[in-house]
Amino acid sequence: METKDVTQDGTVDLRGEPVLASTTGKWKACAFLVGYEAFERMAFYGIASNLVNYLTTQLHEDTVSSVRNVNNWSGSVWLTPILGAYIADSFLGRFWTFTFSSLIYVMGMVFLTMAVSVKTLKPTCNNGVCSKATPSQITFFYISLYTIALGAGGTKPNISTFGADQFDDFNPAEKQMKVSFFNWWMFSSFVGALFATLGLVYIQENLGWGLGYGIPTVGLLFSLFIFYLGTPLYRHKVRKSRSPAKDLIRVPLVAFRNRKLQLPASPSELYEVELQGCSGAGKRLVQHTPIFRFLDRAAIKDATNCSRPKCTVTQVEGTKLVLGMVIIWLATLVPSTIWAQINTLFVKQGTTLNRTLFHDFSIPAASLGSFVTLSMLLSVPLYDRYFVPFMRRKTGNPRGITLLQRLGVGFVIQIIAIAIAYAIEVRRMHVVRTNHITQPNQVVPMNILWLLPQYILLGFADVFIAIGLLEFFYDQSPEDMQSLGTTFFTSGIGVGNFLNSFLVTVVDKLTGENGGKSWIGNNLNDSHLDYYYGFLLVISTLNLGVFLWVSSLYIYKKEAIEAKDGIESKALDTSLGLQV
């Protein structure tokens with residue numbers, strides 16, 4: 001193998017041998033990965049989109065309990081990737097962590113299909129009315145759900161980062177391809193979600209829950225077969241540190257020990273290894289930034305005590321990056337809470353409306369989620385092919401706009417969406433009062449398509465938010481913690497679901513006590529869901545102000561790297577001023 005044809009970032013094959021740049025990686029390798037992402041998203045949204053209806057109609061849970069349980073499960077699916085990413089970055093690597101976790105995921109899907117198909121494992125139903133599930137049936141159902149959550153913990157943070165690893169940052173042509181990678185990766189995810197919300201939801205309600213869960217189970221198995229066919233084409237990153245997350249603890253400890261030492265006037269006097277002295281291909285050092293200055297004490301050179309422990313500037317800056325990402329992450333929790341409404345209260349809201357579109361065809365309330373996906377599918381190509389080149393000419397930024405600007409635009413669109421949801425709910429309650437509707441099973445004479453604007457706008461917003469967050473946390477993470485870094489994206493969604501569960505429970509308790517009318521009661525025709533949407537609108541607007549402030553203080557990662565043709569400096573979105 002000629003050295004000049006191997007990848008410059010030091011990636012290897014499954015056996016640990018250097019790989020040829022011409023025959024591995026890039027889009028031809030990613031083609032085998034996107035199939036899994038599409039089928040996995042189809043499986044997840046096939047469950048999440050209609051789970052609240054299964055819990056209320058089949059297991060007889062009340063509205064608040066079903067919403068809470070959906071949020072708790074969804075939150076677990078998005079939080080377990082923290083464990084999976086840590087295992088990948090510190091022990092097994094992305095490929096093997098994904099491999100073992102995908103088997104657990106499939107096992108959970110098989111269990112879930114059995115839970116809704118096998119006669120002894122599901123409630124007995126006659127003429128569409130189901131008896132109360134036994135404790136053992138409920139236990140097996142939730143074991144199945146949380147087995148899926150455990151499997152998702154190892155697949156979700158590693159499959160997308162493994163895909164990004166297929167592009168060499170040191171190769172200008174491949175680096176340009178990588179700019180579009182996350183847009184098209186999420187596009188494949190949206191395709192799977194569309195089939196789930198448009199097809200699987202209908203199958204579940206009209207042809208049976210067993211078939212509705214069995215189809216994505218078979219699809220997941222097929223996608224894994226395709227994934228492993230591409231093994232000879234995959235590039236694998238070499239771990240340069242055995243436990244990179246330890247720096248997050250070591251740097252603050254060393255900085256505290258050195259608290260009495262004087263910081264040097266120039267950052268160049270802090271301790272750092274020479275770039276030429278770094279071992280391995282694709283060498284990177286993170287350059288000093290003027291934020292979180294107290295951590296710089298960990299890199300002070302103490303001439304009077306050579307045995308005093310010290311960290312490199314790159315290690316210190318890696319800790320600073322994680323701290324900065326934590327602050328941005330906190331500002332994304334409220335938007336994640338808004339997103340949680342799609343599979344919970346939006347669905348329950350839709351069940352109260354007239355769902356007949358034409359003749360005798362009625363659309364399942366959960367199928368409106370397909371319009372979120374459709375708007376995403378239409379927006380991604382427009383964003384990548386037209387918006388980015390147009391803005392690139394205006395700003396000179398390879399991405400068109402900075403990553404934080406992308407998030408800010410998405411948050412504004414999301415606020416508009418929840419404002420429209422509030423207005424539509426006010427109108428729905430007006431129709432309820434006008435027609436003297438009081439019972440929960442009475443259909444409100446208002447077509448379900450009134451809810452379309454809020455779904456479509458949330459889809460547009462997610463093109464900016466979801467893809468922007470995934471790319472932001474991947475790019476801004478320290479090199480050896482990129483799987484762990486992407487869990488900022490997944491955990492934000494998870495905490496958003498738990499936060500929504502907490503808010504729903506607290507609001508229901510506070511507004512319903514002392515004989516009051518709950519904002520989110522079992523009977524939405526005699527509740528005040530509009531008040532709850534108004535509350536979400538207020539906190540979303542306040543959160544946007546917080547996001548603008550913390551974004552203006554954020555400094556993007558800047559690296560010095562050594563490629564074959566010498567040392568260069570690589571900055572990511574290093575715009576000055578308000579970097580949103």
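Student: In what kind of crossing, left-handed or right-handed, does α13 pass α16?

Tutor: This is a predicted model, in which local features need pLDDT of at least 70 and side-chain atom pairs count only at pLDDT 80 or more, while totals for chains, interfaces and linings use all residues. Residues are numbered from 1 along each chain as its sequence is written, and side-chain values use heavy atoms, with hydrogens and water left out.

The crossing in which α13 passes α16 is left-handed, a term for a near helix turned anticlockwise from the far one by less than a right angle, right-handed being the clockwise case. Helix α13 covers residues 403-434 and helix α16 covers residues 529-553, where helices are DSSP runs of H or I with at least four residues, strands are E runs of at least two, and both are numbered from the N terminus. The two axes lie 9 Å apart at an angle of about 165°, each axis being a line fitted to C-alpha atoms over the stretch in contact, with angles running from 0 to 180 degrees between N-to-C directions. That angle makes α13 roughly antiparallel to α16, since over 145 degrees counts as roughly antiparallel, under 35 as roughly parallel, 65 to 115 as roughly perpendicular and the rest as oblique. Among the residues in contact (heavy atoms within 4.5 Å) are L404, G408, F411 and I415 of α13, together with Y533, L537, T541 and F547 of α16. By class, this contact of α13 with α16 has 16 nonpolar, five polar and two charged residues; here Ala, Val, Leu, Ile, Met, Phe, Trp, Tyr, Cys and Pro are nonpolar, Asp, Glu, Lys and Arg are charged, and the others, Gly among them, are polar.

The axes of helix α1 and helix α3 (residues 63-79) come within 11 Å and cross at roughly 160°, which makes α1 roughly antiparallel to α3. Here α1 passes α3 in a left-handed crossing, with R41, F44, I47 and A48 of α1 meeting W73, V77 and W78 of α3, so that the contact has six nonpolar, no polar and one charged residues. Helix α6 (residues 172-206) and helix α14 (residues 452-476) have axes that come within 10 Å and cross at roughly 135°, and α6 and α14 are therefore oblique to each other. In this pair α6 passes α14 in a right-handed crossing, and the contact includes F182, W185 and F190 of α6 as well as I467, L470 and Y474 of α14.

Helix α1, which spans residues 26-48, also contains K26, whose phi is positive at about 60° although it is not a glycine. Most residues other than glycine have a negative phi. At 15% relative accessibility K26 counts as buried, a class that means under 20% relative accessible area, with exposed over 50% and partly exposed in between, for a 1.4 Å probe and protein chains only. F292, in the loop between β3 (283-286) and α9 (313-330), likewise has a positive phi, of about 45°, but F292 counts as partly exposed at 24% relative accessibility.

Finally, strand β4 (residues 353-354) pairs with β7 in the parallel sense over two bridges, at least two being what DSSP must find for a pair, and L353 has V444 as its bridge partner in β7.
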